[in-house]
Amino acid sequence: MSAWHAALKDVVKDVKRVRPNAPKVAYFFPNPVLFVRGESSDRRQRYMQNWLVSRAGWISRLSASDVSPVTPFLNTIPKRISATFSGEQQREAAAFFGPELIRVQHDIPSHVQFRDLSICLADLASIDQLTKSKILWDLYEHNFRFELVALGRVLVPGLSSNREPEWLDLVRQLFPGDSELTMCAEPFPTQNQGLGSSDPRSRCEFVEIFRKLLASWPGFPSDLEAPLLPSAPLTRVWAVERRLAIFYIQSFFDNFGRLPILPHLIPVLLACGPNGC
C-alpha cells in the first residue's frame with residue numbers, strides 16, 4: 001500500500017514526542033516480525049505452530065472482551081502451556097490466555113483450521129510461501145484493526161460514552177465483510193478490499209470513511225476537514241490517504257511510543273485468475 005509506506009518516511013520517530021506516562025501497549029495479536037525474523041527457523045516454526053493452535057481461542061476471547069490499549073499479548077510465544085507447569089503457573093496462564101486456550105495447548109491437534117484452510121502441523125516446516133503469507137496478512141490486518149480502536153479510545157475518551165457505538169460502526173464500515181473486528185473461519189479474501197482496493201471509486205469511498213474516523217481526533221489536519229468527493233481524481237485520493245496515514249502513524253507513535261502495525265495488501269498470487277497470472 002504505497003500511500004502508507006510513503007507516509008512512514010514523514011513520521012517523526014523522536015522519543016521526545018512520546019507523551020509522558022504513555023501506556024505501554026503490547027500487541028493484540030503476535031507481531032508478524034516474529035514469524036519472519038525469529039532467532040532461528042526452529043523458533044519461528046514454534047511461534048507459527050503455537051499461534052495457529054491458539055488463534056481461534058484468542059480471537060474468541062478478544063471478541064468477547066473490551067478492547068483495551070494495554071491488552072497484553074505474546075511478543076514471545078512460549079513453547080507451550082505445559083501440563084508440567086506448577087499450579088501457580090497454570091493459574092497465571094489461564095488468566096492470561098483463558099481456559100479454552102489452556103485446554104487446546106494441553107492437547108496439540110494434528111491439524112488446525114486457518115480460515116478455509118486445514119493445515120497439518122507435522123508438515124508446518126514445509127508449507128508453501130503463499131500459505132505463510134496468508135497467515136502473516138491475517139496478523140497484520142487483525143493488529144491494525146485493534147490498534148485503530150485502541151488509539152481512538154485514548155485520543156477521544158468520550159468514545160466510552162454514547163458516541164462509541166456510532167464510532168465503532170464507522171470502524172466496521174472501514175473493513176468489508178460481516179466479521180466485526182475479527183476474522184476467524186471465513187474464507188481468505190480473493191481480492192484486495194477496503195483501503196487496499198484496486199478499484200479507484202471503491203478506494204475513494206474507504207479513504208473517506210477513514211477520514212471521518214480520524215476527524216474527531218485532536219490535531220487532525222484542518223486542510224483535511226472537507227469530505228473526499230467520489231469524483232476526486234486518483235492523485236487527490238492518494239494524497240489524502242497518505243496525509244491520513246501520516247497523522248494516524250504519528251498519533252500512534254506519540255501516544256504509545258512505537259510504530260503501529262500497518263495494513264497490507266493480500267498475497268499477490270491471490271490476485272491471479274484461474275488460469276494463472
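**Entry 1: two helices**

I looked up helix 6 and helix 9 and found that their axes come within 11 Å and cross at roughly 65 degrees. This is a predicted model, and I keep that in mind for each entry. Angles of 65 to 115 degrees count as roughly perpendicular, so I wrote down helix 6 and helix 9 as roughly perpendicular to each other. I noted the crossing of helix 6 and helix 9 as left-handed.

**Entry 2: the contact**

Which residues in helix 6 meet helix 9? I listed Phe144, Glu147, Leu148, Ala150, Leu151, Val154 and Leu155. On the helix 9 side I have Tyr248, Ser251, Phe252, Asn255 and Phe256. I sorted the residues of this contact into nine nonpolar, two polar and one charged.

**Entry 3: the cores**

I then looked up the largest nonpolar core, which has 41 residues. Trp4, Leu148, Phe210, Leu214, Trp217 and Tyr248 have the most contacts inside it. The elements that give two or more residues to this core are helix 1, helix 6, helix 7, helix 8 and helix 9. Helix 9 gives the most, with 10 residues. I also recorded another core of 29 residues, which lies apart from the largest one and has Tyr47, Ile59, Trp137 and Ile266 among its members.

**Entry 4: one residue**

What does Tyr248 touch, leaving out residues up to four places away in sequence? I found Trp4, Phe144, Glu147, Leu148, Leu151, Phe210, Leu214, Trp217 and Pro260.

Methods:
Residues numbered from 1 in each chain as written. Predicted model: local features only at pLDDT ≥ 70, side-chain atom pairs only at ≥ 80, totals over all residues. Heavy atoms only, no water. Core = buried A, V, L, I, M, F, W, Y, C linked by side-chain atoms within 4.5 Å. Buried < 20%, exposed > 50% of the residue type's maximum accessible area, 1.4 Å probe, protein only. Helix = DSSP H or I, 4+ residues; strand = E, 2+ residues; numbered from the N terminus. Contact = heavy atoms within 4.5 Å. Axes fitted to C-alpha atoms, helices over the stretch in contact; angles between N-to-C directions. Parallel < 35°, antiparallel > 145°, perpendicular 65-115°, else oblique. Left-handed = near helix turned anticlockwise from the far one by under 90°. Nonpolar A, V, L, I, M, F, W, Y, C, P; charged D, E, K, R; others polar.
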